[in-house]
Amino acid sequence: TTKEILSRVSHLLRETLGDDVSIVPSLGNNDVTPDYYLDVQDPSELLSMAAEGLGVLFESDLERETFLQGGYFARNVSATITALSLNTLLYSTSHLPDDTDD
């Protein structure tokens, strides 16, 4: 399943790079099944699945809770740098379901 794949890759990255490396996960166009799918009216099922799969990469409860709201979050990776993890599904012209009337 998608959750199992995300979990395996997340654990592999964490084991390989260790705890001293900040790994900032992002949700992209082909990271879910079906591709490009996110129900913006009720994204909780998909985002919960992704958050469970990516779980070892979140560094705080706040990151996880923010991710569950829309698939995005911010992380201070140093005193002067903040990394933004954006959910790029929302910006794709192939985004599904297409609720537009055009």
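## Helix 1

Helices here are DSSP runs of H or I, at least four residues, numbered from the N terminus. The model is predicted. Helix 1 is followed by Gly18, which has a positive phi near 85°. The helix itself spans residues 2–17, 16 residues in total. From first C-alpha to last it reaches 22 Å, close to the 22 Å expected at 1.5 Å a residue.

## Two faces

Thr2, Leu6, Ser10 and Arg14 are the buried residues of helix 1. They sit on the same side of the helix because they cover an arc of only 90° around its axis. These buried residues pack against helix 2 (44–53). The face turned away from the buried side carries exposed Ile5, Arg8, Leu12, Glu15 and Thr16.

## Salt bridges from helix 1

The count of salt bridges is 4. One of them pairs Lys3 with Glu52, with the closest N and O atoms 3.0 Å apart. Lys3 lies in helix 1 and Glu52 in helix 2, so this pair ties together parts 49 residues apart in sequence. Lys3 is partly exposed at 34% relative accessibility, and Glu52 is partly exposed at 45%.

Arg14 meets Asp19 in a salt bridge at 3.9 Å, N to O. Arg14 is buried at 13% relative accessibility, whereas Asp19 is exposed at 66%.

Glu59 and Arg75 form a salt bridge at 3.5 Å, N to O. Glu59 lies in the loop between helix 2 and helix 3 (61–70), and Arg75 in strand 1 (residues 73–76), so the pair ties together parts 16 residues apart in sequence. Glu59 is partly exposed at 46% relative accessibility. Arg75 is buried, at 3%. Salt bridges with shared partners join Glu59, Glu63 and Arg75 into one network.

Technical notes:
Residues numbered from 1 in each chain as written. Predicted model: local features only at pLDDT ≥ 70, side-chain atom pairs only at ≥ 80, totals over all residues. Heavy atoms only, no water. Helix = DSSP H or I, 4+ residues; strand = E, 2+ residues; numbered from the N terminus. Expected span 1.5 Å × (residues − 1). Buried < 20%, exposed > 50% of the residue type's maximum accessible area, 1.4 Å probe, protein only. Arc of directions from axis to C-beta. Contact = heavy atoms within 4.5 Å. Salt bridge = Lys/Arg side-chain N within 4 Å of Asp/Glu carboxyl O.
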